[in-house]
Structures are given as structure tokens and as C-alpha cells.
Amino acid sequence: MKLNIKSDWLVFFRFSIAIYAILNLFAFWKDIPRMLYDGGYLKPELQDALADVYSPTIYDIFVYLNKNNIIVNYDVLVNTIAIIYVVALISLLLGLFTRVSAAIALLLQIVIYKSMHLYLYGADFFLTMAIFYCVIFPKSKFSLDYVIFKFKQNPVSIKWSLLLLQIHVCIIYFFSGLDKGVGINWWNGEAIWKAVNSHDYNGLISINSLNIPEFVFIIAGTGTVAVEFLYPLFINLKATRKLWLSLTILMHLSIAVFMGLHFFAMIMIILNMAAFYFPYLKEEEEEEEEANSKSYLVISGK
């Protein structure tokens, strides 16, 4: 049966990314004075000097405003940008001026996170990518935009947007698995052992005191390489899609539980669900209805 692309995944993607971004910001909201304010751990001008010049920081905006005789307090500017960012994300969540809201959120996300680039890790860059997709992806009918403007969706645009997301996710996992497979420490379990025993992480469950056999780490490391490296193949085969999606989500849940990287796990699960779960729900429902219909005909003797 030919895949019938539906817009359900667009709703999930927009909602999830907007909520994720808000939660991600509020997770370090109380630490903003320490990371971004003028009296923080590092002076803004020092952090700015260590950043690249391809996009502006809050300090760049501060300098520009003062050069143009617009005198503002630096800490007030930080708060103002953060508040506008939250408002843009709420507007994105509601689907109000979706692309404009996403574009504003994207620009401010880059400005805020680049201004504290010394504190970032992988999940923050995935968030930038995801908000960018909210800018270019088609608008969903489940939005205030549709209520107000009654726009028409382009099925072709939805199809190619999904394909872009799927290809991107497949590339991420393939090269992540390839990189892990090149060395020896994932095959002998060393990487897994370090991950669950490192003092740098703060997992929900600690297994430091447990006498876990070496083969468990070897299986976990080898399994991680296999799940990621073979992801593009098995996630695109109908017979193995659910299995590989389940294994991938289980892998990320393990990262959240044992390493404490909750936001990294969360955004990767969102990308997986948006790319390879929700787009196929309608197809599965139709097949289930067809199977039930055939069973009814057989039972009734028709």
C-alpha cells in the first residue's frame, strides 16, 4: 500500500519542539545571572571574545545599541531577549504566525545560546536545527493560523519536508554509529562503562556500586553501534521499523536514566517520533481496518 503522508507529524513536531525549548530555557533560568549577566562567572565581553563572528551575541547587540546612543542596562537586555524568546515560543506552540514566530525564536535562540557557548552541549545544537525546521516546514491545520487565515496545505510540500527530516535523522545516526565503530572502546565496553560511572554525569540511577559483568558493557556498547550504524536501513524497512524505533528510543531513555542527559534524550526521541512514528499512523490504521473488514467477511461467510 502506498504511504499516505498526513500532517499529524507536523502538529507533533511543532508542539514538541516549542515545549521542549521552553522547558530547556527554564531548566537554567535561575542560573541566567551566573551565565549571562554582567556579574556572572565570566564577563560577557570575555565570552564574546571566545565566540565565532558568524552570528551576534547579546554582548554584540549591547555594543551596537550603545554605539547608536541607545543606552541600556546589560542585565535588562538579557532579560528582555529571554522574555521575547519565550513569547515567540508560546506563539509557535499555538501556531500563531507560525513561521514568523519560529524565525524570531530561532534568531533569539542562537543569540542566547551563543552568548553562553562555553556551557553548551549537543542537545542545544539539535534544538537550533529543530527550530529551523519549524521555520521552513509547512504550517499545520491544527493552529491558530488556520483558524484565522484558512490556508491550504500543499501535500507535496508536506511529503518533501518529511523526507528531509527523515534523511537528516538517518545521517545523524549513521555517522554517529560510524564514528563509534572506528575505535575499540565501544566494542570492548569501555565507552559504556565510562558513561555510566563518570562523575560528570548525574543519572537518575547509579550503578557504580554494582558488580556488573564485563560482557554486559560489551553487549551494550556493541548494541549501540549496531542500532545507530544500521539505523538508516532498518528504520526504513516496514518489517523492522517499529523494532528499530523502539530500540532507538530505549537507547535514549537509558541515556536519560543512567547519564542524566535528559534534554538530549528528549529531543532525539522527538525527532524519531516525528520522522518515523506519526507519519505512518494513518497507514497502520487503514491496514488494521482493512484486516478487520476481511476478518468480518470471513466470519460472516460473505
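These exercises cover a surface patch and a pocket.

The model is predicted: local features need pLDDT of at least 70, side-chain atom pairs count only at pLDDT 80 or more, and totals for chains, interfaces and linings use all residues. Residues are numbered from 1 along each chain as its sequence is written, and side-chain values use heavy atoms, without hydrogens and water.

**Exercise 1.** Find which helix gives the largest share of the nonpolar patch.

Solution.
- Start with the members: Ile 84, Ile 90, Leu 94, Phe 97, Val 100, Ile 104, Leu 144, Val 147, Ile 148 and Phe 149 form the patch on the surface.
- Together they have about 890 Å² of accessible area.
- Two or more residues each come from helix H5 (74-94), helix H6 (98-114) and helix H8 (144-149).
- H8 gives the largest share, four residues.

**Exercise 2.** Decide whether Leu 144 counts as buried, partly exposed or exposed.

Solution.
- Locate Leu 144: helix H8 holds this residue.
- Recall the cut-offs: buried is under 20% relative accessible area, exposed is over 50%, and partly exposed is in between (1.4 Å probe, protein chains only).
- Leu 144 has 34% relative accessibility, so this residue is partly exposed.

**Exercise 3.** Describe the lining of the largest pocket.

Solution.
- Take the volume: about 900 Å³.
- Count the lining: 34 residues, with Trp 186, Ile 192, Thr 224, Met 251 and Ile 255 nearest the centre of the pocket.
- Sort by class: 24 nonpolar, six polar and four charged residues.
- Helices H9 (155-182), H10 (190-197), H11 (214-229), H13 (241-259) and H14 (262-276) each supply at least two lining residues.
- H13 supplies the largest share, eight residues.

**Terms.**
- Patch residues have over 30% relative accessible area and no salt bridge; nonpolar side chains are joined within 5 Å.
- A pocket is an open set of points on a 1 Å grid where a 1.4 Å probe fits, with protein on both sides within 12 Å along at least five of seven lines; lining residues have an atom within 4 Å of a point.
- Helices are DSSP runs (H or I) of at least four residues.

Methods. Patches are made of residues with over 30% relative accessible area and no salt bridge: like charges are joined within 9 Å, nonpolar side chains (Val, Leu, Ile, Met, Phe, Trp, Tyr) within 5 Å. Accessible areas come from the Shrake-Rupley method with a 1.4 Å probe; for residues, only the protein chains shown count as cover. A salt bridge is a side-chain nitrogen of Lys or Arg within 4 Å of a carboxyl oxygen of Asp or Glu. Grid points are joined across faces, edges and corners, and a volume is the space filled by probe spheres set on the points. Ala, Val, Leu, Ile, Met, Phe, Trp, Tyr, Cys and Pro count as nonpolar, Asp, Glu, Lys and Arg as charged, and the others, Gly among them, as polar.
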